[in-house]
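Dear colleague,

Please find below the structure that I am handing over to you. My notes on the findings follow it.

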Amino acid sequence: MASPISAMTRCEDLFTGPVNENLAASGGGIAQEDLDAFPWQNNPWPASGSILSGGDYFFTGLNVTSGRGYDLIILPGEQVTIYVNGSLLVNNRLDLNVAGDASQLTIVARYDIEINNLSVINGLLFAGRTLSINANNAVVGGLASNGPINVGSNTEITFDPDAAANLELPGLCNSGDAQVHHYRLTHSTSTVRCLSSSITIQACADENCSALYTDPNTVQLSSTAGSYLNSGTITLNNGVGTGFLQHPQGGNATIGIANASTPVSNSSECYASGLASDCTINFVDAGLAFFGPDGVSALSSMRAGLAQNITLRAVETDEQTGACQARVQGSQLVSFGLSCENPGSCQSTEQGTINGTIIGKNSQGLSSNKANVSVAFDTNGAAALAFNYTDVGAIQLHAFMNVAATLEEPAFALSGSSDVVVSQPYAMIVGDVTDANGNANPQTTNSGDGFIVAEEPFTVQVRSVNYSGALTPNFGLETPAQKAVVAFDSAVYPTPNLGSAALLSSGTFAPSATLGVQQSDTVVWREAGTIKLSASIENDSYLGQTFTGDTPVSDNIGRFYPNDFKLVSSAVLDSCSAFSYMDDPKLSVAWTANAVGAQGRVLKNYGANYQGTAEFAYVARNLASDNLTASLGSRFTAELGSWVEGVYVVDTNTAKFSRLVDAQLDTQLDGPYSELQVGVSISTEIDSRMWQSADMDAASTTSCTTCTAKALAGMLDVRFGRMRLENSFGSEFEPLQVPMQTQYWQGTGWALNTADACTSYAATQLSDSSAQLQLTGSGTLALGGYDVGEGMFADSQGKTGDYPLSYPASDWLLWDWDGDGKADNDPTAVLRFGSYRGNDRIIYWRETGND
């Protein structure tokens, strides 16, 4: 049985080509029992279309059989690993990370992966059993499986050799790069032997320790003398930890690393006062030592510009008990200085004070620059001090005092240095926010100018400040350089709204031209509306210490608005298959538009609660070469829709193209418009957003360069129509057909509308003023008239005479039969019964004269 891949196995060895199958059989896969031991979870999959930020996701098996499929979006620049507790089975359209890079997505399925038809995946796929990418799919990245891999026809697998280069799957594989280059131990060169000496351990990711390995890690310290608290087992958080060595017997102790949970091949290194050392700590009989306000605990991380109470102790070791006892008491003159250890230089504008007195500043590893401060030691040799430092970084305090000779003992000197203490920013504040051109954020919501397009990068500055609100110029100059980040706080407009941290990309912050200010030009918000941000420090850690500073909420940032509107689908259909009558309100119009950001995301906040959403108007023109006509939109009416979560839907079958009337409401004949193109223009939008790929200018019948509308799919054939009844005559002993036809205006005259197979008729609708006729027949016209053997019939039941009739035509078939200029008359006809009919048996009959 194959053994599991160790934590140091390169993920590149799993993904060495487009298809890597039967790995278990070759000893290179992951045994099923090892997959079974994985920390699987059965969390539900997010809704299709969800956006995932970076991290690990543990989902249950997925089986999608519906035709619509399933898709997930990965935030740009972030890496996602999905662990599937079961199988991943998708029948149709699995779209994963379509717009992203293959290195951003990895899927590990405990059992099978099977993907069918029209799927697009950018990422790495691993299956514990069988992996099948069937016909008509595309994968960019790589495939790996313990079992066989099946690739169907018309499926393209494009290998990305870089996709797995930096991939790590804990317990399965990793990038193969050294996780820890070496361990660095920072210590003091001496301390009083009745005290513990602190040692800071860093897991350095490179030779210069300019970056730290921040994964969980444990080290075991060693020493040639003395003993460690907690046996010297130190857990590193964010790459940093602290140990304490005791050596009450005094003398030198050499420290080191005995072992670590993340081993390295390079030797550990020691530093004291910012300089490389020999790893030796000298435990002396007497000296000066810095503590917290209780005089016992170590100095804690401080906040820049905020005074911190500390204790200076002048102590010596009691030879009988080994405990600390006072070496001096009363008022003494002590020289104090501080050294900037990281960064290695102090800024000239910043200062440190002890009890309000400015003390000397020194570069890394130096302590000669000091200032005298009068200090009062109590009977325990402890002096309470108030220390303040206005900048940030890792610093070290130094103290020196000469004690004059007395009758009991000669003059002597005491000295000592603190552990390296971290001065954090008092607060991280969101500063200037501008667009790519330097225009200021307008902070608007439902009125005024908008800010930028959603999903478009913008610039944010973050200010590291001290208690007084002044910039801390050393922020960002540390090694490794500390970086600001911004985080989503809240969405303030519209309300209610869709807003979450997953929609924000902080980008990468770097020092700006102003010390203490960092700037990212690649912050992205992926929704419409207005938000607030807060600022912090990357990983919420400053030089290995948990960041405890203030992170006030920013002012409004926005309004973010759509990039444009995308016509997703559209169709216009005639009311009678191939044509429509003017004024007939049965045209079908259907179209869907999305409000999208710069990267194409549908902006779900763009809806009923977003003021100033796009309002639309219909436009139309006729493109038939024999009757080119522009600007017909005023005659086209159809329902409009409303915005719901970034989607605008219209679906109506009550649209119409109106007849033309003049100022006197007289009907004007025109048409036909056999290639009527209908489009949609944007009449108003708060940020003047336009159509994506507008392709129509209804004021012209030619192609446009400055297009103002979006054409809907399909053409209409719109005609001015009328219904006509013909006079007829015949025998009073047989039913007489009532001739009916529909006609349309051809531009120069009336013609039978042979396309009409929709107009219905019913003899019961005929108006017979005599009320003596028996009326029968109903149906639908064919080719604009009656079909053979069909129609409406009137029977006078043996009576003779003229019988006027009229038929109630639909509004779109009325005509000006009375000549008053208005098309508002029903068609009429007269049937005459009693006319000679002849004999059915006589084919031809003529009168002959006498010879």
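**Charges over rings**

Arginine 722 lies over the face of tryptophan 750, 4.1 Å from the ring centre. Please bear in mind that this is a predicted model.

Aspartate 717 belongs to strand S59 (residues 709-719). Its relative accessible area is 12%, under the 20% limit, and it is therefore buried. Leaving aside neighbours within four places in sequence, aspartate 717 is in contact with Asp574, Ala578, Phe579, Ser580, Tyr673 and Ser674.

**Aromatic pairs**

The search of the whole structure found 34 aromatic pairs. In one of them, tyrosine 57 and phenylalanine 59 have ring centres 5.9 Å apart and planes at 35°, so the pair is tilted. Tyrosine 57 counts as buried at 18% relative accessibility, and phenylalanine 59 counts as buried at 6%.

The pair of phenylalanine 565 and tyrosine 606 is tilted as well, because the planes stand at 50°, with the ring centres 5.7 Å apart. This pair links distant parts of the chain, 41 residues apart: phenylalanine 565 is in strand S49 (residues 564-573), and tyrosine 606 is in the loop between strand S51 (587-596) and strand S52 (615-622). Both phenylalanine 565 and tyrosine 606 are buried. They belong to one aromatic cluster, formed by Tyr493, Phe565, Trp591, Tyr606, Tyr610, Phe616, Trp643, Tyr648 and Trp691.

**Disulfides**

Six disulfides were found in the whole structure. One of them joins cysteine 576 to cysteine 758, with an S to S distance of 2.0 Å. The link is right-handed, with 95° about the S-S bond. It connects distant parts of the chain, 182 residues apart: cysteine 576 is in the loop between S49 and strand S50 (580-581), and cysteine 758 is in the loop between strand S64 (750-752) and strand S65 (760-762). Cysteine 576 is buried, with a relative accessible area of 6%, whereas cysteine 758 is partly exposed at 40%.

Another disulfide joins cysteine 270 to cysteine 279, S to S 2.0 Å. Its torsion about the S-S bond is about 105°, so this disulfide is right-handed. Cysteine 270 counts as buried at 4% relative accessibility, and cysteine 279 is buried with a relative accessible area of 14%.

Cysteine 340 and cysteine 346 are also joined, S to S 1.9 Å. Here the torsion is about 115°, so the disulfide is right-handed. Cysteine 340 is buried, with a relative accessible area of 1%.

With kind regards

Definitions and conventions
Residues are numbered from 1 along each chain as its sequence is written. This is a predicted model: local features need pLDDT of at least 70, side-chain atom pairs count only at pLDDT 80 or more; totals for chains, interfaces and linings use all residues. Side-chain values use heavy atoms; hydrogens and water are left out. Rings of Phe, Tyr and Trp (its six-membered ring) pair if their centres lie within 6.5 Å; planes under 30 degrees apart count as stacked, over 60 as edge-to-face and the rest as tilted. Buried means under 20% relative accessible area, exposed over 50%, partly exposed in between (1.4 Å probe, protein chains only). Helices (H or I, at least four residues) and strands (E, at least two) are DSSP runs, numbered from the N terminus. A charge sits over a ring if NZ of Lys or CZ of Arg is within 6 Å of the ring centre and within 35 degrees of the ring normal. Contact means heavy atoms within 4.5 Å. A disulfide is a pair of cysteine sulfur atoms within 2.5 Å.
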